[in-house]
Amino acid sequence: MINKENPYIPYNATVEDTWYETGGERAIKTFKVVFDDENIRKSWEHFPGQCAMIGVLGVGESMISISCSPTEGEFLRFSVMRMGKVTQALHQLEPGDKMTVRGPYGNKFPLDQWQGKHILTIGGGIGQAPMRPVVEYVKSNYDNYGGLTMIYGARTSGDLCFKEEFEEMSKDDQLSCHLTIDIEEEQWDHNVGFVPQILMDLNPSPENTIAVTCGPPIMIRFVLENLKKLGFEDDQIYTTLENRMKCGIGKCGRCNAGNMYVCKDGPVFSYAALKEVPEAFA
Amino acid sequence: MSAMLLNKEKWSDFVGMLAGKNLWAPRESDEGLRFVPVAEGEVPTLDYNNTRVPPKEAVFPQTETLFKFKVGGKDLEEPRPDQDAVLLGVRPCDARAMHIIDELFSWDEDDPYYLKRREKTVLVGLACNEPGLNCFCTSVGGGPVSTEGLDLLMVDLGEKYLLEEVTEKGSALIDEVKELLEEADDNSSKQKDKLADEAAGKIKRSIETEGIPAGLPGLWEDELWQRVSASCIGCGTCTFLCPTCHCFDIQDETEGFEARRCRMWDSCMFREYTLHTSGHNPRPTRSERTRNRINHKYSYYVDKFEVIACVGCGRCINLCPVNIDILDILGQVKEEI
């Protein structure tokens, strides 16, 4: 939990397992980490939608989505794209190495309020990281929800994250899973096409459904447009924002979109709320 | 509120008695007039309009260590809390600025670095008899004798200073120097009111802020932001030297095996402030950054904390190298609303 004495002091955690989701210059690596201090391990509570500041001492910290659901166990998962100084240092970490974690930060997907509803997640690329905990949370509480549909796409099959989970997902008859890549590939027997188009092809009913989306800004823009075409109301659509962050607790100033701090008032926003925020899609 | 008088003949004794208390006062430096610890035997004079660097740096230093550690280690060493401090000669606008950003630093999560220092610092104010050219405190809820944020207010009555206690910290300070003071009479209080009225009358610049916080969001796409930022060179002076600006960056520094995580003032007028690692920047030009600066002070902060985050000290007007004038911007905002 947020260190009340001094919220800038991070907790030490150990990388228990790590693997590459994707390759290339901007590779995505997933870290499964556990807190060193048992008290923190026991008292830590997070919920789908929330983020944490993870870092390497001497290099710095980055705000990263917590990509696991609390229903999965007493560990945290982060999927990190190698982009800048901090993520480069994080990518050096191997099992047994230390990273620092502080948080959890931000608001949550209101999954409690969505009980009884059909949950539709629409993810693109690394944007699946905040979708995954929603999927996992609903999977462990199927009885409380009206169904689960997951649309996930990336440029190529190699750019998809969490590939090792797809096979098990395909066996889950309560989960309607739709994978897609932008351009056709040999031995790819799922969809081909952009995520917003796959959404239209699937033509989900807005009735008693909540749509949650995260991905590149251009994808989010067209997904929102298409959800409206499908008849979804603004308060049935949720997305997450990201901005550069330093403190995570609404002090350092930089993550504001209009009068909202993404680190505190977000990162989860309903489309109804975002429409009031002038800088939301800047 | 009890009030006392200090004869100016006893000024050096007064300063001498406070000298052991980590006394800070304005002194001219290479970077202009700023608050610095008073040296032994030094007798500061209160002969200035206002400091160039606001006294916020005493509680929110330009750079400060959050914690230290050894390279490769995992034990974090927090800095020892600072000693008590007394700031002598803080202008009412600057004290009010701290009062305003107290809200931010104690919002939900407490910021222990700022709040602990704030608690340990006594602000001795100096009422303004001669406002500066670009002062407009009276437009934004302040005034030449405003006591918000102060612990003690001093008013220059000519031969004497009137000392009015505002908080318990202020009255405790008065108790310590009581032997130098005499009880104030009705006359000195009348004198103070007269000086305050005169000072307020000398403030030449103003803006009617009513309607600005509610009207700003509607001007999001207005071309005025292009217009008012056209000459901006992005130096960040307006925000660095603003007493209510509180944005900061956090960076790690290493030297040999010694390392520290520190925070330092940052500015929304800089490109890097919002630059994503992907290269995307939600505020790509100075027009968006200027819009954010004005909106943050006159709209967002009002939404969150019900107070305008500008105290009318005039620093951003006085010190802008290309003469951008916040009152001119706000005037244009008023016209467009």
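Predicted model: local features only at pLDDT ≥ 70, side-chain atom pairs only at ≥ 80, totals over all residues.
The C-alpha centres of domain 1 of chain B and domain 2 of chain B lie 28 Å apart, and I begin with that pair, whose bounds come from an automatic or database domain assignment. In that assignment, domain 1 of chain B covers 3–61 + 81–202, and domain 2 covers 212–250 + 264–336. Where these two domains meet, 23 residues of domain 1 of chain B and 16 residues of domain 2 of chain B take part in the contact, two residues being in contact if their C-beta atoms, placed from the backbone, lie within 7 Å. The side that domain 1 of chain B turns to domain 2 of chain B has 12 nonpolar, 6 polar and 5 charged residues; here Ala, Val, Leu, Ile, Met, Phe, Trp, Tyr, Cys and Pro count as nonpolar, Asp, Glu, Lys and Arg as charged, and the others, Gly among them, as polar.

Residues are numbered from 1 along each chain as its sequence is written, and chains are lettered from A and ligands numbered from 1 in the order in which they are written.

Let me turn to chain B as a whole. Its secondary structure comes to 11 helices and 11 strands, taken as DSSP runs numbered from the N terminus, with helices being H or I of at least four residues and strands being E of at least two. The C-alpha atoms of chain B fill a box of roughly 65 × 60 × 35 Å along the principal axes. Of its 337 residues, 44% count as buried, which asks for 20 or more other C-beta atoms within 10 Å of a residue's own, again with C-beta atoms placed from the backbone.

Which residues of helix 2 of chain B are buried? They are Pro92(B), Cys93(B), Asp94(B), Ala95(B), Arg96(B), Ala97(B), Met98(B), His99(B), Ile100(B), Ile101(B) and Phe105(B). Because 11 of the 14 residues of helix 2 of chain B are buried, this helix is largely enclosed by the rest of the structure. Its buried residues pack against strand 5 (85–90), helix 3 (112–120) and strand 6 (121–126) of chain B.

Leaving aside residues up to four places away in sequence, Leu87(B) touches several others, including Trp24(B), Phe35(B) and Leu123(B).

Next comes the contact between the chains, which takes 37 residues from chain B and 29 residues from chain A. On the side of chain B, strand 4 (63–70), helix 2 (92–105), strand 10 (248–255) and helix 9 (286–305) each supply at least two residues, and the largest share, 6 residues, comes from strand 10. By class, that side has 20 nonpolar, 8 polar and 9 charged residues.

Finally, chain A is divided into domain 1 (11–105) and domain 2 (118–240), with C-alpha centres 24 Å apart. There, 15 residues of domain 1 of chain A are in contact with 14 residues of domain 2 of chain A.

Notes:
Buried ≥ 20, exposed ≤ 12 C-beta atoms within 10 Å, placed from the backbone.
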